[in-house]
Amino acid sequence: MRKTMLLFLLILMVASIWTETQAWGNEGELVIYSGRKEKFVLPLIEKFEQETGIKVKLLSGKATQYAHRIIEEQKRPQADLLLANDAGVMEYLRLQGVLAPNNDPILNQIPANFKAVDGSWVGLSARARIFMYNPKLISEEEMPHSIFDLADPKYKGKFAIARAGNESVISHFAAIRAYAGDEKTKELIRGIMANEPIITHGHTDIRKAVGAGEIAFGLVNNYYFHLQLEEKTNNDVKAIYPDQGPDQMGVFVNVAGVALIKNAPHQKEAKKFIRFLLQPEQQKMFAWISKETPILPEIETLEYAKKINEYKVFELPLSKLGPVWNDTIKLMEEAGFSE
């Protein structure tokens, strides 16, 4: 019996070590949790490995799932960096005390709106929330020009939005909360729900439906519009950057970025990777691969993409989203928009 128990404990110990090794990788190997698709990240990792000789282990999935994992692992971190498509997630982690400050001077080039106050996370590419529409179904004049227009009954059944659990959707409503307050945000959501929008699993479904003429317009991140323009068919689509009036909030611009995990085993290598990503060549590459927009207007954009200084941007620092990001899901549910 005793031998059986000892054997059982030995098996558990080996399994535990094996599981941790899957996250940690080999000694000296940088480990990255990524909420971005592998095809957007691998070219950069390969370039980094070639230039530095540092090996990288990439684990891809949902950023929100990795965020919870980072919190659970905080006493013994098993990754060095998080790549995320949403500033709200990264700032939430900073407020939970699981990210490490980074005072590398290279972060100074990034506007304060798009990074943490302590440099623990930094934006790498911009993701503007826009209306994408099919001009065969609706004209520019007929289109909404403010996010708040989506509550107008005249748009009932004419547009699509992504599901409530989508990170971009949550952060967008968190920004609207910061601008208009909870009650007006709830009123907007109730109005949107009353207009019976098509609710899709993701934004790819929206861009394809708009392109195919199945729906007049949809609320998407701007790179989905860029992707549809590159399709061989169904590419006659246009975009409106909303809330551009002098008394309007401006376009909500989120960022994809990188966060430095506190007490990570390879801090030196992790900071080197962040420095690598913030070089102009890599900033362009990071944005272009995914059809996003560089945060810095001096960096070349795709020929059909607007530079970030060509439209009015909501000026709220994205670091302000952290305190309300988690509560926004509850507010959305209370207003009738839930998974």
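Predicted model: local features only at pLDDT ≥ 70, side-chain atom pairs only at ≥ 80, totals over all residues.
1. The side chain of N102 reaches the backbone nitrogen of D104 at 3.2 Å. N102 itself is placed in the loop that runs between α4 (87-95) and β4 (121-133), and with a relative accessible area of 5% this residue is buried. Leaving aside residues up to four places away in sequence, N102 touches L107, D118, G119, S120, L260, K271 and I274.

2. On confidence, the mean pLDDT of the protein is 91, and 92% of its residues reach 70 or more.

3. Turning to the aromatic side chains, the count of ring pairs whose centres lie within 6.5 Å comes to twelve. One of these pairs is formed by F131 and F217, which are arranged edge-to-face, with 6.0 Å from centre to centre and 75° between the planes. Because F131 lies in strand β4 and F217 in strand β7 (residues 217-221), the pair ties together parts that are 86 residues apart in sequence. F131 counts as buried at 0% relative accessibility, and F217 likewise counts as buried, at 1%.

4. F217 also pairs with F159: the ring centres are 5.4 Å apart and the planes stand at 20°, so this pair is stacked. Since F159 belongs to strand β5 (residues 159-162) and F217 to strand β7, the pair ties together parts that are 58 residues apart in sequence. F159 is buried, its relative accessible area being 1%. Taken with Y155, the residues F131, F159 and F217 are linked by ring pairs into a cluster.

5. Which residues of helix α10 (residues 280-289) are buried? They are Q282, Q283, F286 and A287, and because they cover an arc of only 130° around the axis, they lie on the same side of α10. What covers the buried residues of α10 includes α2 (38-52), β4, β9 (253-260), α9 (267-277) and β10 (293-294). A separate arrangement involves K284, which lies over the face of W288 at 4.6 Å from the ring centre.

6. Two backbone positions deserve a check of their torsion angles. Most residues other than glycine have a negative phi.

Technical notes:
Residues numbered from 1 in each chain as written. Heavy atoms only, no water. Helix = DSSP H or I, 4+ residues; strand = E, 2+ residues; numbered from the N terminus. Buried < 20%, exposed > 50% of the residue type's maximum accessible area, 1.4 Å probe, protein only. Polar contact = N/O pair within 3.5 Å; in protein donor to acceptor, adjacent residues only side chain to side chain. Contact = heavy atoms within 4.5 Å. pLDDT = per-residue confidence, 0-100. Phe/Tyr/Trp six-rings, centres within 6.5 Å; stacked < 30°, edge-to-face > 60°. Lys NZ or Arg CZ within 6 Å of the ring centre and 35° of its normal. Arc of directions from axis to C-beta.
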